[in-house]
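This report describes selected features of one model, with the cut-offs behind each term given where the term is used.

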Amino acid sequence: MEALAVSTLVVALAEIGDKTQLLALALTLRYRSPWPVAAGILVATLANHAVAGAVGAAVAAHVDPQWMRWILGASFIAMGLWVLVPDRLDEDEGPRTTARGAFLATTLTFFVVEIGDKTQVATVALAADYAPLIAVVIGTTIGMMIANLPVVFLGDRITRVIPLGLVRKAAAALLIVLGVLALLDGGELLHL
């Protein structure tokens, strides 16, 4: 139980204000489907943290930090530009993106963005400290969900009151700024 409790608390606190919370909001705005986005975050986190707990230390030893900086920076700039492109809806057809599409896009995007993130690093450290790997993975996943679910569900409601264009531009600007910061400073500001 200690591994589960400590893992949940550490990751929930580390995730507050993290770039993946902004990503969760951006995906919610993009797809306007909070349940598939939440499910995608859950699946991506389980997969990512399982990998981190099992082989994270070995991967970190072999991935050049410069490559991670460029991948992270480019990913955030691309995501920021993508958020700026509004969905084109035909009134009779409804949204182009299905719940399945939103789920798959969220799962893939969230998994990739979590690579090298502070919560993934925390998962590696926790797995090294605590023997029951499954408790660590479940705990870190619960911590991620505690931090991100309010963003997904409240973000969708807020955009019903605040003009979507304004929220989209603000989210895009923040993602682009994070991408530029990653490129300029090696991502240190993103991994406080």
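## Helix 2 and the residue after it

Helices are DSSP runs of H or I with at least four residues, and strands are runs of E with at least two, numbered from the N terminus. Helix 2 is followed by Arg32, whose phi is positive, near 55°.

Helix 2 covers residues 19-31, and its 13 residues reach 18 Å from the first C-alpha to the last, close to the 18 Å expected at 1.5 Å a residue, where the expected span is 1.5 Å times one less than the number of residues. This helix is mostly covered, with twelve of its 13 residues buried; buried means under 20% relative accessible area, exposed over 50%, and partly exposed in between, with a 1.4 Å probe and protein chains only. Among the buried residues of helix 2 are Leu22, Leu23, Leu27 and Leu29, and also Lys19 and Arg30.

## Basis of the model

The model is predicted: local features need pLDDT of at least 70 and side-chain atom pairs count only at pLDDT 80 or more, whereas totals for chains, interfaces and linings use all residues. Residues are numbered from 1 along each chain as its sequence is written, and side-chain values use heavy atoms, with hydrogens and water left out.

## Packing of helix 1 and helix 6

Two packed helices are described by the angle between their axes and the distance between the axes. Helix 1 (residues 2-15) and helix 6 (residues 118-129) pack at an angle of about 160°, with their axes 10 Å apart, which makes helix 1 roughly antiparallel to helix 6. Axes are lines fitted to C-alpha atoms, for helices over the stretch in contact, with angles running from 0 to 180 degrees between N-to-C directions; angles over 145 degrees count as roughly antiparallel, under 35 as roughly parallel, 65 to 115 as roughly perpendicular and the rest as oblique.

In this contact (heavy atoms within 4.5 Å), Val6, Ser7, Val10, Val11, Ala14 and Glu15 of helix 1 meet Lys118, Thr119, Ala122 and Leu126 of helix 6.

Thr106 lies in helix 5 (residues 99-114) and is buried, with a relative accessible area of 0%. Leaving aside residues up to four places away in sequence, Thr106 touches Leu27, Val37, Gly40, Ile41 and Phe111. Val113 is also found in helix 5 and is buried at a relative accessible area of 8%; its C-alpha atom is separated by 8.7 Å from that of Leu23, 90 residues apart along the chain.

Leu149, in helix 7 (residues 133-161), counts as partly exposed at 29% relative accessibility.
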